[in-house]
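Open the model in your viewer and keep the selection tool at hand.

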Amino acid sequence: MAIDEIEVPGSSVSLKCWNARIDDIPGFFKKLSGETDVFSIDPEIPGFHDCDANKGIIRGFYSCVTPFEVEHLVDGITTKTLFKKIESTEFLLLENCMFTMGRSGPAKGLSNVLSAASGYGVTQMEFEFRQMSQLQDRLSQTKAIVLTNPKDKEVRRARLAGLIESYTEYNVIDPRNHGIENVAGLVDSPLGPVTITVTRKGGLRLRVKKGFILTIDCLLWLLALIRDEEPPEAVARRS
């Protein structure tokens, strides 16, 4: 599998989108390899492993050991036992953004390490209301949308599902004062029709056929679609 391809093992894949800025990918990869921690179970050191890079992307894993408690019965008495588990997040770091898949705990640690190493705050994206609202117009078909009203309204949260052309036609929301939590629908991507769900806090979920090969170019195209931007020149040329 190429470094810029993701084979989807099931029928969907969920990612988080991050703000990032790396001027020299090969140079930054060399810096990460020499100056940052490598993941170790003993001692329990969070860090990177199984990383690789080319001229445009760094891909790998960031893992940590996380403690957790399990409550159970011993001789009729409730007790708690402390266990530990490995949590990981896979990341794909590009010049102007990053995508992660996996657990949120190590993703937070990853963002802190990358921020320190790059001198740029690597933060989770939050899509603007305008972007979420206009996304409907860029979908082939809107299938669902989750809306939030101000706190003083009787209906605080509403989910509309079905064939939706304009959600403001429904009287469950204040058309001039509301929020959009997520939008789901069908989009004609460079790899063919894909059902996507976009959440306000940088979440992206794709429903695809099992064995689907998702490319970085397609992810960048989708991100540009969500943010109402022109896709990167190379992506636009290939699509």
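A salt bridge here is a side-chain nitrogen of Lys or Arg within 4 Å of a carboxyl oxygen of Asp or Glu. This is a predicted model: local features need pLDDT of at least 70, side-chain atom pairs count only at pLDDT 80 or more, and totals for chains, interfaces and linings use all residues. Residues are numbered from 1 along each chain as its sequence is written, and side-chain values use heavy atoms, with hydrogens and water left out.

**Stop 1: charged pairs**

The structure holds 10 salt bridges. Select R59 and E90. Their closest N and O atoms are 2.9 Å apart. The pair links distant parts of the chain, with R59 in strand β4 (residues 58–74) and E90 in strand β5 (residues 77–93), 31 residues apart. Strands are DSSP runs of E, at least two residues; helices are runs of H or I, at least four; both are numbered from the N terminus. Is R59 buried or exposed? R59 counts as buried, at 14% relative accessibility. E90 is buried too, at 16%. Buried means under 20% relative accessible area, exposed over 50%, partly exposed in between (1.4 Å probe, protein chains only).

Next, select R103 and E87, a salt bridge with the closest N and O atoms 3.4 Å apart. R103 sits in the loop between β6 and α2, and E87 in strand β5, 16 residues apart. R103 is partly exposed at 45%, whereas E87 is buried at 10%.

Now go to R130 and E128, a salt bridge at 3.6 Å, N to O.

**Stop 2: the nonpolar interior**

A nonpolar core is a set of buried Ala, Val, Leu, Ile, Met, Phe, Trp, Tyr and Cys residues joined through side-chain atoms within 4.5 Å. The largest has 41 residues; select F99, I196 and L206, which have the most contacts inside it. Colour α4 (216–226) next. The largest share of this core, 9 residues, comes from α4. A second, separate core of 17 residues includes F28, L93, A107 and V122.

**Stop 3**

Select S14, L15, K16, T100 and G102. Of the 18 residues lining the second largest pocket, these are the closest to its centre. Which element gives the most to this lining? β2 does, with 4 residues. The lining divides into 5 nonpolar, 9 polar and 4 charged residues. Ala, Val, Leu, Ile, Met, Phe, Trp, Tyr, Cys and Pro count as nonpolar, Asp, Glu, Lys and Arg as charged, and the others, Gly among them, as polar. On a 1 Å grid over the protein atoms alone, a pocket is an open set of points where a 1.4 Å probe fits, with protein on both sides within 12 Å along at least five of seven lines; lining residues have an atom within 4 Å of a point.
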